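Please read them with the sequence and the structure open.

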Amino acid sequence: MAYKDLHAFAAALDKAGQLHRVEAEVDSYLEIAEITDRVSKRLGPALLFTRVKGSAFPVLTNAFGSYHRMELALDTPRLDDLGKKIRRLIHSENYLTFLDKVKAVPRLAGLTAALPLPVSSGVWQEAEEVPDLTRLPALYCWPEDGGRFLTLPVVCLRDPETGVHNYGVYRMQVYGRRTAGMHWHLHKDGRALAEKYKRLGGRMPVSVAIGCDPAVTYAATAPLPPGIDEMLLAGFLRGRPVPLAKSTCSDIRVPANCEFLLEGYVDLEETREEGPFGDHTGYYSEKAPYPVFHLKRLHRRDHPIYQATVVGRPPMEDCYLAKATERIFLPFLQLICPDIRDLDLPIEGVFHNCAVVSIRKRYPGQAAKVMHALWGLGQMMYQKMIVVVDEDVDPHNRSEVLWRVFNNIDPVRDLQISPGPLDALDHASPTRHFGNRLGIDATRKLSEEGHPRPWPADLIRPPETRRMVRERWAEYGFGSLKRQK
């Protein structure tokens, strides 16, 4: 089922018992963020604040803040099922003969049906507000933040040369009634498109959608290659095309069913200090100059919901968006690097500081080859630490992974330092955007890798003994075996 809009998703959350309404009046200055933080840490429900001090609009937070809600958002029983769906599609498009492709048309039709659907107007045109950003209940999340921020805006851009659209989530610090920061990092698509506009001269048109259907919001966070339209991914995930309406001030196509639409431009000769901001790393990101968004028009639907997210030390809502990316994009990593069996991005590593990869090891040096292959792929280049384990190790089992790391490595032989790009939010590197990445080979070592000693076997009892004990467990007087393996 494709959700028509954010209202439909909120209704589905409510029906599933995953939405809590806060009827008491709350303040968008720190209070909403504190409540959301506490609920996130306790793995609680989505929150709809119906009475926000000084605002006519309700605020929705933590809508994606659990595995179950992410599955509801993307209409799938399990996030891994989406990865399997993509794996079948990749196989269909790349490895079948022409005759097989003809037979596979029903499967490939799912991709054709995902193409964005141009429509004449959007529900965001139901009302036009005075162009004043302070009318929005933008959150002030942490005490040392530089101000209030739009924390979940879908920034809509159009390539001036190719006409291809780009949709990304970039935080926006509200400076005043008509201006806000546009926080796109050095390596982001938004920054690359801005450089194109700068070379051509003139202003860069920008539209900002707030409160989209969940597949659209997720797709805008996804690490797609440059030039790939995020709305194609959103349509694929929702099983129906995303309706896109033309902005009133530019040729940019925007989600037709969003709650709010901000139209304006970025003057590429102008920057302003942005931040600090309490970020998803659990630390404040530093002040830095960023482009300035100028608001020309502010549209909204009748009775809109303002959607926001609160980030900080994990676990928080953004963790589950990133976990969806881990599962959905695994088949693409495996297509490029078939050695990979599975992948885990621990939430404590905030998704760009640590990756655990399991491989089917067949030859010496294979773990190092996988590390460097991943460092060469898109946003995987940010991974400050990559741990490689054997295929019989569950990379999602933190205890097992650490046991292998602590017992299987020789520091001289198995640790690799690789200089390269780092995420802009990395505060530990002495230089911005560049530093050193660590690779850890925790696989069993081969003699060809300089390990002449025999590698010890894992301690595993015979399966018949394990089966017998499992069957007789109640007889031993231990009660239920529900938690026994």
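1. Which residues form a nonpolar patch on the surface? Met468, Tyr476 and Phe478 do, with about 310 Å² of accessible area together. Patch members have over 30% relative accessible area and no salt bridge, and nonpolar side chains are joined within 5 Å; a salt bridge is a side-chain nitrogen of Lys or Arg within 4 Å of a carboxyl oxygen of Asp or Glu, and areas come from the Shrake-Rupley method with a 1.4 Å probe. Phe478 lies in the segment after α14 (463–471), and it counts as exposed (over 50%) because its relative accessibility is 53%.

2. This is a predicted model, in which local features need pLDDT of at least 70, side-chain atom pairs count only at pLDDT 80 or more, and totals for chains, interfaces and linings use all residues. Residues are numbered from 1 along each chain as its sequence is written, and side-chain values use heavy atoms, without hydrogens and water.

3. The chain has 14 helices and 23 strands, taken as DSSP runs (H or I, at least four residues; E, at least two). Buried residues, those under 20% relative accessible area, make up 54% of the 485 residues.

4. Strand β12 (residues 243–246) runs antiparallel to β13 and is joined to it by three bridges, with Leu244 opposite Pro255 in β13.

Definitions and conventions: Patch = residues over 30% accessible without salt bridge, like charges linked within 9 Å, V, L, I, M, F, W, Y side chains within 5 Å. Buried < 20%, exposed > 50% of the residue type's maximum accessible area, 1.4 Å probe, protein only. Pairing = 2+ DSSP bridges.
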